[in-house]
Amino acid sequence: MPEYLPPNLDIIRPILWDDKGLLLLDQRLLPWREKYLRLRTWQEVREAIRSMVVRGAPAIGITAAIGMVLGAERIKARSRRDFLAKLRRVGEGLKKARPTAVNLSWAVERMLERAASEELSPADIVEALRAEALKIWEEDIAANRKMGRLGAALLPEEGAILTHCNAGALATGGYGTALGVIRAAFEAGKKIEVFADETRPWLQGARLTAWEMKKVGIPVTVIPDVASGSLMHQGKIAACVVGADRIAANGDVANKIGTYNVAVLARENGIPFYVAAPRSTIDLNTKSGKDIPIEWRDPKEVHYCGGKRLTPKGVAAANPAFDVTPARYVRGIITEVAVAKPPYKRALKALFKETP
Ligand code: MRU
């Protein structure tokens, strides 16, 4: 069976793709079960993104790109024009899955541009889209490796690195952004250990970051989110590294809820706070954090943990899934071309003039 996989695939594989469709490692079941879900249509892909079978900004983008291919494969059209109009509707549908990670609309737009870029027949467009989705995936892994090298240099020779949520291989095409930086430092011989915020309510830290770190042999300690400030105050944290879902033109960073708390506490305790993200997460069209759409998820995710209700019936719960960390708390933004430093408006723009 032909498989569509990039040559630089990581050992942790949240996404697989063959001619029967897409296979996603169901992240809702980790760390208890490693089970892949088979998806054949773009609507199934949209639902998988919405329900967090796959999550993490770059992984969502790659999944959506493959979703575009699955959608394109089933389009029945009278003409190229009709084909492209139907493909745009697939793209609009996929973009609605989750609002905050800009990688989703970035990937859909890139696929639409590729489809329209030449006078190709529908069959040739499908072929071109398949190659483009693979390219997006391959480039993401390469970007993570590069970020790893650039970011590792910023970490101390020894010490504990705090991270929030999961910005690892599971959240990307492979290797990871924030966890890629940590992996690269560890692989370079630095004596690094990880403190993983458990990341209530979805527990990306406790379930996914801990699972990944164990797989690659990096010592990891899971902490309740509320413990990070105290550990920083006791001098137990050398640096903080997190990922991002969208970085505005002024350097404000949207990431998993709770990231802002970490950044403020890091500043208070004189600890460097870094963000690692590929350029596909930087949205120069969004002026500041105020303009970033923040996803609010079902309050049930707060009311329940492991299938057990925690709160009394009849009380309300709020579930904002992301927050915005103002640029002034960020020591550096590690990308695949350079580490951007404040002032970010100029530095982020300059990143797009570089070649990776
Ligand atoms: O709700 P999630 O799990 O999709 O949120 C993920 C994050 O906030 C990650 O930190 C971010 O997407 C960066 S992933 C490399």
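This report describes selected local features of one predicted protein model, from its salt bridges to its backbone geometry.

## Basis of the description

Because the model is predicted, local features are described only where pLDDT is at least 70 and side-chain atom pairs count only at pLDDT 80 or more, whereas totals for chains, interfaces and linings use all residues. Residues are numbered from 1 along each chain as its sequence is written, and side-chain values use heavy atoms, with hydrogens and water left out.

## Salt bridges

With a salt bridge taken as a side-chain nitrogen of Lys or Arg within 4 Å of a carboxyl oxygen of Asp or Glu, the count comes to 23 salt bridges. One of them joins the side chains of Arg38 and Asp18, with an N to O distance of 2.8 Å. This pair links distant parts of the chain, since Arg38 belongs to strand E3 and Asp18 to strand E1 (residues 15-18), 20 residues apart; strands (E, at least two residues) and helices (H or I, at least four) are DSSP runs numbered from the N terminus. Asp18 is buried at 6% relative accessibility, while Arg38 is partly exposed at 25%; buried means under 20% relative accessible area, exposed over 50%, and partly exposed in between (1.4 Å probe, protein chains only).

The side chains of Glu34 and Lys215 also meet in a salt bridge, at 3.3 Å from N to O. Glu34 lies in the loop between E2 and E3 and Lys215 in helix H7, so the pair ties together parts that are 181 residues apart in sequence. Elsewhere, Arg114 forms a salt bridge with Glu118, their closest N and O atoms being 3.0 Å apart, and both Arg114, at 23% relative accessible area, and Glu118, at 38%, are partly exposed. These two residues belong to a network of salt bridges that links Arg110, Arg114, Glu118, Glu132 and Glu139.

## A positive surface patch

Lys287, Lys290, Lys345, Lys349 and Lys353 gather in a patch of positive charge on the surface. A patch of this kind is made of residues with over 30% relative accessible area and no salt bridge, like charges being joined within 9 Å, and the place of a Lys charge is taken as its NZ atom. Among these residues, Lys349 is found in helix H11 (residues 344-351) and is exposed, with a relative accessible area of 54%.

## The buried side of helix H9

In helix H9 (residues 259-268), the buried residues are Thr259, Val262, Ala263 and Ala266. They cover an arc of only 100° around the axis, which puts them on the same side of H9, the arc being that of the directions from the helix axis to the C-beta atoms. An α-helix has 3.6 residues a turn, so residues three or four places apart point the same way. H9 is followed by Gly270, whose phi is positive, near 70°.

## Backbone geometry in the loops

Two cis peptide bonds deserve attention when the backbone is inspected. One joins Leu30 and Pro31, with omega about 5°, and Pro31 is placed in the loop between strand E2 (21-25) and strand E3 (36-39). The other joins Pro342 and Pro343, with omega about 0°, and Pro343 lies in the loop between strand E16 (339-340) and H11.

Positive phi values also occur in residues other than glycine. Tyr175, with phi near 75°, is found in the loop between strand E4 (158-163) and helix H6 (178-187) and is buried at 2% relative accessibility. Thr199 has a positive phi of about 70°, sits in the loop between strand E5 (191-197) and helix H7 (204-216), and is buried at 0%.

Terms used. Patches are made of residues with over 30% relative accessible area and no salt bridge: like charges are joined within 9 Å, nonpolar side chains (Val, Leu, Ile, Met, Phe, Trp, Tyr) within 5 Å. Accessible areas come from the Shrake-Rupley method with a 1.4 Å probe; for residues, only the protein chains shown count as cover. Lys and Arg count as positive and Asp and Glu as negative; His and the chain ends are not counted.
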